[in-house]
Amino acid sequence: MEPGTSSYKIILGSSSIARRKILSQMGYQFTLMTADIDEKSIRKEIPEELVMALAEAKAEAILQRLPVGDYLKDAEPTLLITSDQVVVYEGVIREKPSNKQEARQFLKDYSGRKAATVGSVLVTNLKTGLRKGDSDRVEIHFNEIPDEIIEKLVDEGITLNVAGGLIIEHPLIFPYVKDVVGTIDSVMGLPKDLTEKLLKAVLYNDEK
């Protein structure tokens, strides 16, 4: 299944710039839609279950706005990708910081310690109705992060838009990342290998 010769269409159900960038890097062309859901209304104790439930809720919200009957008739299938991500720190699930004070505390917590990202990918074949999803976990170990770096990051405001205020690819924070057990694309919100696997699975009903 070569991206350049694909006989299907893709809708990325996300407003994330990072996810758009990753999917483009994978060689895919796609259209964008965003899901307007109340994420706080969906609660699960286990992070993998939470991110999957949120990805499913996003898919359902987008499907309600699409002319699904048209996709059933199309010769080429259309695949909808939805996803979600949380950060887990000392066993506690962290979503997007609610304010700069919380973002600052999150970053201070990571200094000299470790955190994990847990992300989901869900792919729905709009022609067949087949849906496949899974999650991916990455562990990130940090060196000590100077307070002035934390303040600069918080002042930028970008940490308010990402799970756990964690954006390791940012040039300010990246030098203080000691080790990443997993892939950077997963930390950024869209694990490439898992996405490829799920795209194939909904096209060919592949259980692998």
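Start by selecting K58: with a relative accessible area of 9%, K58 is buried (buried means under 20% relative accessible area, exposed over 50%, partly exposed in between, with a 1.4 Å probe and protein chains only). Before you go on, know that this is a predicted model, where local features need pLDDT of at least 70, side-chain atom pairs count only at pLDDT 80 or more, and totals for chains, interfaces and linings use all residues. Residues are numbered from 1 along each chain as its sequence is written, and side-chain values use heavy atoms, with hydrogens and water left out.

**Next stop: salt bridges**

Helices (H or I, at least four residues) and strands (E, at least two) are DSSP runs, numbered from the N terminus. D84 is buried too, at 5% relative accessibility.

By this rule, the count comes to 8 salt bridges. For another one, pick E48 and R137, whose side chains meet at 3.3 Å, N to O. E48 sits in helix 2 (residues 47-63) and R137 in strand 6 (residues 131-142), so the pair ties together parts 89 residues apart in sequence. Both ends are partly exposed: E48 at 23% and R137 at 43%.

Now try E60 and R131, a salt bridge of 3.0 Å, N to O. E60 is in helix 2 and R131 in strand 6, so this pair ties together parts that are 71 residues apart in sequence.

**Now for S120**

Go to strand 5 (residues 114-125) and click S120. Is S120 buried or exposed? Buried, at 0% relative accessibility. A polar atom of its side chain lies 2.7 Å from the backbone oxygen of V51. Show its contacts (heavy atoms within 4.5 Å): leaving aside neighbours within four places in sequence, they include V51, T82, D84 and D134.

**Last stop: helix 5**

Select residues 147-156, where the buried residues are I149, I150, L153 and V154. Looking down the axis, these fall within an arc of 130 degrees, so they line one face of the helix (the arc is that of the directions from the helix axis to the C-beta atoms). What covers the buried residues includes helix 4 (100-110). On the face turned away, find the exposed E148 and D155. Just after helix 5, G157 takes a positive phi of about 85 degrees.

Key
Polar contact = N/O pair within 3.5 Å; in protein donor to acceptor, adjacent residues only side chain to side chain. Salt bridge = Lys/Arg side-chain N within 4 Å of Asp/Glu carboxyl O.
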